[in-house]
Amino acid sequence: MNRQPKSGNLKSSALLMAAPVSSAALSYGILRRQPSPICSFSATFFLPLSSATLDQSRRVSLSSVWPSQLRSRRRSLPSLLAMASEKALASKGDQGLLVFDTEEELSASLAKYTAELSEKFIRERGAFTVVVSGGSLIKSLRKLTESPYLETIDWAKWHTFWVDERVVPKDHEDSNYKLAFDGFLSKVPIPPDQVCAINDALSAPGAAEDYETALKHLVNIGVVVKSASGYPRFDLMLLGMGPDGHIASLFPNHPLLNVTDKWVTFIKDSPKPPPERITFTLPVINSSSYVAMVVAGAGKAGVVGKALGNEKTADLLPVEMISLEDGELTWFADNAAVSMLPDKPSL
Ligand SMILES: O=C1O[C@H](COP(=O)(O)O)[C@@H](O)[C@H](O)[C@H]1O
């Protein structure tokens, strides 16, 4: 059965979903209390998408994706900085900075941005692959679980993944799965077999290998696109960043930053507890079509100032190593997070 929507069909299918979605989300939450160990594959659902369809998944220009309302929100900094951001955005199409007065506004715009990308990718190829981090990002996704997005997003076409995970049971307080489930996934009707969590019965090396195997399967059957350089190319990564500049579980000056022969790797000496984790490698992050880097609060200001400031030093932080092969990176920041940014950020 081919689940791809016919073109122009999305709006009507979204409308059809509108009535039952609340109760579906409710029962979904109950159903998902015992999650499957890792996305279990249904042969009827995961049919290969045609190559013509996959080709269309290439990114479109930033201006055609960003709603004008969202662009006009970049107004909260002193006008010089706001203008500089505007210019930088215009002069370099693959990276942008959006600054919001409050985290509440940031969350609202992040939801709109995600919903628009969801519609675009589902229209183009019938699926939307979304990677989330742990940490404070999950709280910023809350507006996606509310009206109108709860009713209008075609959640049945979503496939979700984790950019990193701590090697702990799924019901452990440190689990990124638990964090995402409690704050996001339990509130939206994504089919459970399209939620790709790590196998928490395995050791760190085993879990990393298992996750990579699952990704390879999804690439082989066309659910996840392959990048020009052979890595999985996710439609959207929603990422946070630590106050030390780490992304995923890639920490400053750690040898894992140099891993290129793996899609998923593991760490046993994470400087931030818990020590054992698995993580996507840098080339996988850099193969994404879209990355939203979500930074809120004064605790992130120093690193944002370094990453987007004018003075580049050789000691790059992990967040500064994001350099998308063929994609667009958008920073979603609140005022506090850009408080140490010079007037003219270097984007
Ligand atoms: O340990 C982790 O930290 C980072 C950043 O978290 P935040 O709370 O400072 O935003 C997170 O992105 C990563 O997924 C997580 O494992």
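The secondary structure of the protein comprises 13 helices and 11 strands, as seen in a predicted model. Of its 347 residues, 57% are buried, and the protein exposes about 14,200 Å², of which carbon and sulfur atoms supply 56%. When contacts between residues at least 6 apart in sequence are considered, 81% of them join residues at least 24 apart.

The mean pLDDT is 78, with 72% of the residues reaching 70 or more. Where pLDDT is low, the predicted coordinates should not be read in detail. For the complex, the predictor gives an ipTM of 0.99 and a pTM of 0.78.

The structure holds 15 salt bridges, among them one between the side chains of aspartate 235 and arginine 125, with an N to O distance of 2.9 Å. Because aspartate 235 lies in the loop between strand E6 (232–233) and strand E7 (236–240), whereas arginine 125 belongs to helix H7 (residues 103–125), this pair ties together parts that are 110 residues apart in sequence. Both aspartate 235 and arginine 125 are buried.

A salt bridge is also formed by aspartate 200 and lysine 170, whose closest N and O atoms are 3.7 Å apart. Aspartate 200 is located in the loop between helix H10 (176–183) and helix H11 (204–220), and lysine 170 in the loop between strand E4 (164–166) and H10, so that the pair ties together parts 30 residues apart in sequence. The two partners fall into separate accessibility classes: with a relative accessible area of 31%, aspartate 200 is partly exposed, while lysine 170, at 11%, is buried.

In a further salt bridge, glutamate 320 pairs with lysine 306, the closest N and O atoms being 3.0 Å apart. Glutamate 320 is in the loop between helix H13 (301–308) and strand E11 (328–334) and lysine 306 is in helix H13, 14 residues apart, and the pair links distant parts of the chain. Here glutamate 320 counts as buried because its relative accessibility is 13%, under the 20% cut-off, whereas lysine 306, at 22%, counts as partly exposed.

Conventions: Residues numbered from 1 in each chain as written. Predicted model: local features only at pLDDT ≥ 70, side-chain atom pairs only at ≥ 80, totals over all residues. Heavy atoms only, no water. Helix = DSSP H or I, 4+ residues; strand = E, 2+ residues; numbered from the N terminus. Buried < 20%, exposed > 50% of the residue type's maximum accessible area, 1.4 Å probe, protein only. Contact = heavy atoms within 4.5 Å. Areas by Shrake-Rupley, 256 points an atom, 1.4 Å probe, with all protein chains shown as cover. pLDDT = per-residue confidence, 0-100. Salt bridge = Lys/Arg side-chain N within 4 Å of Asp/Glu carboxyl O.
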